[in-house]
Amino acid sequence: MLHIVNKSPYERNSLESCLRMASKGSAVLLIEDGVYGATKGGSFEGKIQAAMADVKVYVLGPDLSARGMADRVLDGVSVVDYGGFVDLVAEHSNCQSWL
Amino acid sequence: MPMVEVAGKEFEVDEEGYLVNLADWDENIAGYLAQEEKVELTENHWEVVNFLREYYGEYQIAPAIRVLTKAIAKKLGADKGNNKYLYELFPYGPAKQACKIAGLPKPTGCI
Amino acid sequence: MNDEMDMEEEGGVVKQFMFVNRKAPYGTIYALEGLEVVLISAAFEQDVSMAFIDDGVYELKKGQDTKSLGQKNFSPTYRALEGYDIEKLYVERESMEARGLTEEDLLVDVVVLDRAEMAAKMDEQDVLISF
Amino acid sequence: MKIGVLVNEGPYTHEASDSAYNFTKAALEKGHEIYRVFFYHDGVNNSTRLTEPPRDDRNIVNRWSELSKQYSLDLVVCIAAAQRRGIMDENEAKRQGKDANNLAEGFRISGLGQLVEAGIQSDRLVTFGD
């Protein structure tokens, strides 16, 4: 399953809820303001790193660059473009957007 | 929007003849709305109209036709809870006509 | 009363649809318009369920009274779902408890799932629509 | 693969419509079929042809219309949500006795059933919103 999160974890609990519900082996894609969740130095860093033991984390490159955070991506998080976003949707049997 | 006067009471209907303020509804107005739909209200019609008003009062929606027939079958018996019976009473559709006469809002979420 | 024409079969496909509710009522329109989709989905003969997670649990709180708001109180409509054959209402236990609510506070019968059970339910869906 | 897209927010305030557009375009360019893009909630505001952004900004409405033309994309606006928010095509405006209509080219107004149907017919349904 693919989980899509578009909210900053510093503003809303979407990412936290998503990680609570994402089962082992699923993927989490961070888009829009959600990309802040995958960056270094913030207080959410530890939570993402812990989650990465069970789930694969992706972040949308165009949203990251737009926010000046392209050089802050956490190690182990994969950066994808819109084509990669489409591939993730196609590869997983279903997807849930944590609006 | 057009204003209509029935039995000394003024009320508003929309462009398609639906009652605008649900609270305005009374039996005289139902009679007027039925006349506009060319439906002559009998006891059997009233049974459905009153059922719809009760349903709306309880759930705040007008039921889907499938749900209406099922619920009527449960309350008034299978001889009344079927499409044939309801369409005989309301030839242009129980959804459209019975709801209008019952003063319920115009259905919006059509398929 | 939305399906004057009966849209029964869609080529006989039955998919598992889950409507995921995570927003409180009245503050935004998502809960109300989400419910409208759920009611329509009943006409398509699919395997429909609703999940209430996070603030979505508040949608089911008993005793809602919107008179002073001038908004329609749509909470009674959740009780109509049964008549639409939508009977799988799942509430996540952690979300409910975190908000100080119990099953007795809810206006419909629900199935309370803990988070692992809810996660498993989500995984098995064909289509998830979230509001 | 057949993909359905649901857009729940209007243009400009939220990035949702931009994300949906960029996703849809990328999917089409990769050779996927977009079964339908369905606009719900404030998402219906993506379909008003009265939109007139500054020249140096993107025109979100026209962008959808053009994509629709290029790929014969089915852009469906929910009628119930549209009526609440003042989005109308010519027929609906006539039916409601309104003096104007504003639906942009390439969009059509239809019922919520179109969303459920998109879920049934598509291999995947992706939601964009707030």
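Biologist: Which residues form the negative surface patch on chain C?

Modeller: Keep in mind that this is a predicted model. The patch is made up of Glu82(C), Glu87(C), Glu103(C), Glu104(C) and Asp109(C). Take Glu87(C): you'll find it in the loop between β2 (47–52) and β3 (88–92) of chain C. Glu87(C) counts as exposed because its relative accessibility is 54%, and the cut-off for exposed is over 50%.

Biologist: Now the strands. Which way do the side chains of β2 in chain A point?

Modeller: In a regular strand, side chains alternate between the two faces of the sheet. Here, in β2 (residues 27–30) of chain A, Ala27(A) and Leu29(A) point one way, Val28(A) and Leu30(A) the other, and all are buried. Strand β5 (residues 95–98) of chain A is also covered on both faces: Cys95(A) and Ser97(A) are buried on one side, Gln96(A) and Trp98(A) on the other.

Biologist: What does β1 of chain A pair with?

Modeller: Strand β1 (residues 2–5) pairs with β2(A) in the parallel sense, over four bridges, and Val5(A) has Leu30(A) as its bridge partner there. Four bridges also join β1(A) to β5(A), again in parallel, with Leu2(A) opposite Cys95(A).

Biologist: Is Asp54(C) buried or exposed?

Modeller: Asp54(C) counts as buried because its relative accessibility is 2%, whereas Lys38(B), at 76%, counts as exposed.

How values were computed: Residues numbered from 1 in each chain as written. Chains lettered and ligands numbered in written order. Predicted model: local features only at pLDDT ≥ 70, side-chain atom pairs only at ≥ 80, totals over all residues. Heavy atoms only, no water. Patch = residues over 30% accessible without salt bridge, like charges linked within 9 Å, V, L, I, M, F, W, Y side chains within 5 Å. Areas by Shrake-Rupley, 256 points an atom, 1.4 Å probe, with all protein chains shown as cover. Salt bridge = Lys/Arg side-chain N within 4 Å of Asp/Glu carboxyl O. Lys, Arg positive; Asp, Glu negative; His and termini not counted. Charge placed at Lys NZ, Arg CZ, Asp CG, Glu CD. Helix = DSSP H or I, 4+ residues; strand = E, 2+ residues; numbered from the N terminus. Buried < 20%, exposed > 50% of the residue type's maximum accessible area, 1.4 Å probe, protein only. Pairing = 2+ DSSP bridges.
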